[in-house]
Every structure is written in C-alpha cells, then in structure tokens.
Amino acid sequence: MTDVTRAPQTQRTLVLVKPDGVRRGLSGEILGRLEAKGYTLVAVELRTADEALLAAHYAEHRGKPFYAPLVEFMGSGPILAVVAEGERVIEGFRSLAGTTDPTSASPGTIRGDLGRDWGLAVQQNLVHGSDSPESARREIALWFPSL
Ligand code: DAT
Ligand code: MG
C-alpha cells in the first residue's frame with residue numbers, strides 16, 4: 001500500500017545472471033524484465049568470477065553443505081554482473097526473481113518461469129539479487145569497485 005508520508009528510496013542492487021542463465025541464452029530475457037519494470041541499468045559486465053570473489057560474495061554461506069558446489073557452479077562459466085537502480089529496487093528485483101527454489105517459485109517470476117530443478121548438487125536458479133541495502137552496498141563494492 002502506498003504510504004504518502006514515506007520518503008523516496010532510490011536504491012541500487014547487484015543482480016547476477018548466473019552461469020546457467022548465460023549458458024542458456026537468457027541474459028537478454030532477464031535484462032529485459034529489469035528494464036520492463038522500469039529499473040535503470042547502471043553497469044553491465046560479462047565476466048568469469050574467480051574463487052576469491054565468489055568466496056567474498058557468498059561469505060554468509062561458508063560452512064553450509066551447499067557452499068562448495070555453489071562456488072564451483074558459480075565459477076563454471078561467465079556471469080553477467082549488473083547494477084540496477086530504482087525506487088525500492090532491492091525488494092523489487094527479489095520479487096521479480098522469485099523464491100530460491102525454482103521448482104516452487106511462482107509463475108511470472110524469473111525463477112518460476114524459466115528455472116527448474118535439474119537434479120544437480122546445487123540449485124541452478126538463474127539469478128542472484130542483493131537481499132538488503134547492506135548486502136547491496138557490500139556486493140556492489142565487490143563486483144564493481146569503481147562505482
Ligand atoms: P537467494 O539466492 O534466493 O538469495 P540464498 O542466499 O539463501 O538464496 O542462497 C544462495 C544460493 O545458494 C541460492 O541462490 C542457491 C544456493 N542454495 C541456497 N540454499 C540451497 C540449498 N538448500 N541447496 C542447494 N543450494 C542452495
Ligand atoms: Mg541470497
């Protein structure tokens with residue numbers, strides 16, 4: 001619901017099209033959904049992440065059973081790294097992405113429409129999106145130190 005007393009919250013978020021999304025040729029579809037929603041692309045770069053970057057990016061998951069396969073998968077090919085900007089974009093992109101498990105993610109979302117469980121060691125769920133302003137600041141600094 002609209003809160004007319006609320007101050008504007010222009011934010012930036014880090015979006016990653018993961019290696020499965022790039023391999024499947026879905027980068028354009030995913031960027032298109034961001035743009036169609038009205039968010040602005042601030043930076044877009046195709047790159048293969050090294051282990052140090054991935055370890056820093058996923059520091060919160062270190063020690064979990066899916067951590068090693070996750071880092072291996074994320075290093076398995078190019079990633080499209082994106083900084084997007086807009087009003088409440090952090091929450092907005094998480095909503096566009098859908099929930100973590102692509103099998104149960106709602107239709108209409110990126111993961112719900114385009115992702116599924118391929119039976120591999122890690123959920124290949126097409127995209128990453130920062131989950132809070134603190135995460136966004138930290139992750140943008142990691143992936144785009146010049147911004
Ligand atoms: P999200 O990407 O929705 O923010 P997360 O931060 O909890 O989810 O986890 C990061 C990634 O790790 C997620 O995109 C896919 C993988 N992952 C999370 N939970 C998992 C699980 N239980 N089994 C396998 N992979 C998992
Ligand atoms: Mg997360």
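Modeller: The protein chain exposes about 7800 Å², and carbon and sulfur atoms supply 52% of it. Accessible areas come from the Shrake-Rupley method with a 1.4 Å probe; for residues, only the protein chains shown count as cover. This is a predicted model: local features need pLDDT of at least 70, side-chain atom pairs count only at pLDDT 80 or more, and totals for chains, interfaces and linings use all residues. Side-chain values use heavy atoms, with hydrogens and water left out, and residues are numbered from 1 along each chain as its sequence is written.

Now the residue. N125 sits in the loop between helix 6 (110-114) and strand 4 (127-129). Helices (H or I, at least four residues) and strands (E, at least two) are DSSP runs, numbered from the N terminus. N125 is buried, at a relative accessible area of 3%. Buried means under 20% relative accessible area, exposed over 50%, partly exposed in between (1.4 Å probe, protein chains only). Leaving aside residues up to four places away in sequence, N125 touches K18, D20, T100, P102 and R111. Contact means heavy atoms within 4.5 Å.

Back to the whole chain. Of its 147 residues, 45% count as buried. Among contacts between residues at least 6 apart in sequence, 77% join residues at least 24 apart. The protein chain has seven helices and four strands. From the N terminus on, their order is β-α-α-β-α-α-β-α-α-β-α. The C-alpha trace spans about 45 × 35 × 30 Å along its principal axes.

Technical notes. Chains lettered and ligands numbered in written order.
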